[in-house]
Amino acid sequence: MSMAGKVALVTGAGTGIGQGIALEFARRGASVAVHYNRSEAGALETKRRIDEAGGDCFIVQADVARQDEIIAMVREVEQRGGGIDILVNNAAVQLNYDLFKHDEETFSRMMNTNVKGYWQCIQAVVPAMKQKGAGRIILISSVHAKRPTDFDPVYAMTKGAIRMLGRESAIELAPYGITVNMIEPGAVDVGKYERILADDPDAQKKLEERRKRQLAKFPMGRVGVPLDVARLAAFIASDESEYLTGSAIRLDGGSMLL
Amino acid sequence: MNHSAQVVLITDADTPVGRAMIRRFSAGGAHLVLNSASGGAEAAADIAAARASGSIVIVASLDLSVGANANQLVETAERELGGLDVLVHNNDLLAPASVETCSEALFQEVMHANAKSAFLCAQAAGKAMASRQSGCIVFVSSIHAEKPTGSSFVYSASKGAVKMLAKEAALELGRHGIRVNTIEAGPVEGDDERFHSRLTTLYHSYETKVPSGQLGSAEDIAHAAGFLASAEARYLNGADLRLDGGFLLHYMDHKMKRPKGGDSP
């Protein structure tokens, strides 16, 4: 599916899933605004790979926990890109703190980025989308919007909140031709383990052992990769998904079924 | 049901549901710690009745979206009444809020009142309860943890957050013999005004959408909390109890058709 002529803003596109979405959208012909907050090197890497492949992108920076920075970012993307057709909310914080390790500061940091930031990015892109009578908003959530993590209660709280943010936004924005959907990925391999093992002489053996463990836990014999999420996001962003709104699509290779 | 000598902490005790909780738990013989914005004034009759029936009632008036206050409230229960057995988190701030026009201040106010206080109370109560390897937490939530309101996205988002908090706490605190559940309360009298929406007709003639034709009451919610806090519910953990008389079962937004020609179906 070609995305030529579309402008997409992807938050958190310097790392992991966001980077995967930015690369795939650009490969399909979209002009991509690659957002980062602190992962500048990652954003540059995303841009380098898009440039190399002959795609079109530019980098924007903002702390999505701050409304003023969100508004400035969205205006910049609208000006440079000539509008925004697709917003992918992806930038999120995860701390892996248990119930007692979290405090008010960590709670607020996560809520402000993962929930308030998602909402304020929506709020910022809606006026222009309304005017155009079309828009696609995709919220990257998690299977932990429904199933607890047992490693970060606040992370799951933010995803539970996003689930309702998406549903409410869907009914509120449907009359304007704007759809809002959520992707709930399970485990996604963003290469962290390989980086940890970079200097480990037993790396090959350890990776092989991990692959065997995954065979048992994941019906398809592997964990997800960013490209899996990117392909679903591309479908949701396409004209073929016109009637899809307010939906949360679990994307976990069936792992939650075991 | 017997709550004899149980120590029960009830937040937002001034609301109709909060006052029904006071009546329900004091009738079972519990001692109470109440957090009341009015300092007990708006629940005065229920507090007096509870005391007359032998319950010790301690009243506080704290902002529970501040961690130190949540800790202080739980410490009061521990120190004055010998240990907290049950937390009923009943915060339920609702304000109209559209995705397009809501202000950041309103967003934070609702999130803090409903979700942050739930988190801080779960932390404080969980710690105290874990030290005794026993306890029970009930979050009074709403069907709008699942169903959009069409009038306040931040309300339903805050309830969605509490839903996941309860499940996380059920896992983490469950190891310490603590059970955590939510009540997803459905329509009661006045909800057509509380949840008035220009986008949906969910609350139009809403009593006719409950299969029995009867709305629920604050008492129904208090009874459910009483059950969840009792020994009979010892295996209920991490559950969301939809308490709506079947209101949400419709495939789409439909009024019930009353049976024709008499009462038999």
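Reader: How many residues of chain A are in contact with chain B, and how many of chain B with chain A?
Author: Happy to start there, with a predicted model in which local features need pLDDT of at least 70, side-chain atom pairs count only at pLDDT 80 or more, and totals for chains, interfaces and linings use all residues. Residues are numbered from 1 along each chain as its sequence is written, chains are lettered from A in the order in which they are written, and side-chain values use heavy atoms, leaving out hydrogens and water. Contact means heavy atoms within 4.5 Å. On that basis the count is 44 residues of chain A and 47 residues of chain B.

Reader: Which residues of chain A lose the most area to chain B?
Author: Buried area is the accessible area (1.4 Å probe) that two parts lose on being put together, summed over both. Chain A and chain B bury about 3,600 Å² between them, with 63% of it on carbon and sulfur atoms. Of what the chain A side buries, 19% comes together from Leu99(A), Phe100(A) and Glu172(A).

Reader: Which residue of chain B meets Lys130(A) in a salt bridge?
Author: A salt bridge here is a side-chain nitrogen of Lys or Arg within 4 Å of a carboxyl oxygen of Asp or Glu. Between chain A and chain B the count is six salt bridges. In one of them, at 2.8 Å from N to O, the partner of Lys130(A) is Glu100(B).

Reader: Which helix gives the most to the side of chain A that touches chain B?
Author: Helices are DSSP runs (H or I, at least four residues), numbered from the N terminus. Helix H4 (104–132) and helix H5 (153–173) of chain A each supply at least two residues of that side. The one that gives the most, with 15 residues, is H5(A).

Reader: Now within chain A, how far apart do the C-alpha centres of domain 1 and domain 2 lie?
Author: The domain bounds come from an automatic or database domain assignment. Domain 1 of chain A takes in 7–188 + 225–257, and domain 2 takes in 190–223. Their C-alpha centres lie apart by 27 Å.

Reader: What area is buried between domain 1 and domain 2 of chain A?
Author: Eleven residues of domain 1 of chain A are in contact with seven residues of domain 2. Carbon and sulfur atoms give 63% of the area buried there, and the total is about 650 Å².

Reader: Which residue forms a salt bridge with Asp228(A)?
Author: The count between domain 1 and domain 2 of chain A is one salt bridge. With the closest N and O atoms 2.9 Å apart, the partner of Asp228(A) is Arg222(A).
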